[in-house]
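Please examine the structure shown below.

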Amino acid sequence: MKTANFLLAVLASCATHLCFAQESIRFEALVDGSSRMVDAVYTQPKLPLGPKSPAVVIMHSTGGDRDGTTQPLAKALNENGFVTLQIQLFPNPMSAPRFENTNAVYFNALKYLNQKDDVDGNKVGIAGYSYGAFASLFAATQWVAQAYGAGLKFAAHAPIYPGSCWMFTQWTKGETTPIRKLPYPADFAKTWTGAPVKIFAAGKDDYDDRDPNACPEFVAAVAPEFRSSFEWLVYPDATHGWNQQSSSFFVRGACKNKGCTNHNVNNPAVSAKNNDDVVRFFLSKLAGK
């Protein structure tokens with residue numbers, strides 16, 4: 001699908017002594033089987049890492065683009081010389097598409113960045129929170145990258161509180177029941193692109209039944225030839241949605257598909273540390289620092 005983009009506005013985002021040039025852009029992508037325009041915010045760093053900067057696509061959580069999850073990470077990345085593209089796919093949970101039907105969004109974002117003169121197309125990463133963490137992990141599978149990338153792939157992946165490591169463990173093993181079936185081949189999660197993946201997980205994530213070993217067990221289940229590409233970091237006292245407003249709500253698939261109440265507890269300390277940790281990951285993998 002041809003990527004379309006239209007400049008809507010040029011904004012200024014200033015923090016302390018740094019100002020970042022921003023553009024609100026739109027591009028075309030297939031979502032839930034229908035073509036639509038997707039909004040995003042493209043931000044350039046004041047002090048880029050080179051003539052062509054590394055870049056990171058950032059996807060928000062199920063709370064929608066109004067939940068404010070992506071802006072602090074984008075700012076931290078911009079301050080360290082990265083271009084960022086914050087996806088604004090839907091405003092609230094009621095308007096969320098099925099996450100497995102949004103892969104074209106992220107790969108069309110990658111295609112958009114590859115057209116930019118100031119971006120190094122070989123150094124584009126993807127980060128995402130919860131819903132967006134699915135995007136980051138799906139994009140790391142060889143099947144999704146080949147189906148949607150048209151020869152392109154992301155250079156690094158940072159899924160943040162995916163709350164789905166138990167699912168990926170089963171998908172990686174080729175087990176499709178009793179978890180949600182996907183419109184993908186049964187073995188889609190057995191082969192990966194080989195790009196580095198670092199999972200940032202919550203030790204008290206109700207989606208993973210508060211099992212701090214859920215993400216390490218997923219990495220251990222990855223085929224040996226791909227396992228060296230994976231890392232994980234668990235914040236032991238954090239819950240799902242640590243950078244969102246505190247809230248509690250029942251989720252049918254939480255507690256490893258038993259169904260339970262998920263608790264999001266806002267944690268500024270973990271939020272700040274995670275931003276630093278994600279920046280360090282991308283600096284290492286995309287900028288050699």
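Both Tyr161 and Trp242 are buried, that is, under 20% relative accessible area with a 1.4 Å probe and protein chains only. Their ring centres lie 4.8 Å apart with the planes at 75°, so this pair is edge-to-face; rings of Phe, Tyr and Trp (its six-membered ring) pair if their centres lie within 6.5 Å, and planes over 60 degrees apart count as edge-to-face. Tyr161 belongs to the loop between strand S7 (156-160) and helix H5 (165-172), and Trp242 to the loop between strand S9 (230-235) and strand S10 (247-251), so the pair ties together parts 81 residues apart in sequence. Helices (H or I, at least four residues) and strands (E, at least two) are DSSP runs, numbered from the N terminus.

The model is predicted: local features need pLDDT of at least 70, side-chain atom pairs count only at pLDDT 80 or more, and totals for chains, interfaces and linings use all residues. Residues are numbered from 1 along each chain as its sequence is written, and side-chain values use heavy atoms, leaving out hydrogens and water.

In total, the structure holds 26 aromatic pairs. Another of them joins Phe99 and Tyr131, whose ring centres are 6.4 Å apart and whose planes stand at 90°, so it is edge-to-face. Phe99 is in the loop between strand S5 (83-88) and helix H2 (103-114), while Tyr131 is in helix H3 (residues 131-139), 32 residues apart. Both Phe99 and Tyr131 are buried.

Finally, Pro72, Leu73, Ala76 and Leu77 in H1 meet Asn275, Val278, Val279 and Phe282 in H9, where contact means heavy atoms within 4.5 Å.

Note on methods:
Phe/Tyr/Trp six-rings, centres within 6.5 Å; stacked < 30°, edge-to-face > 60°. Buried < 20%, exposed > 50% of the residue type's maximum accessible area, 1.4 Å probe, protein only.
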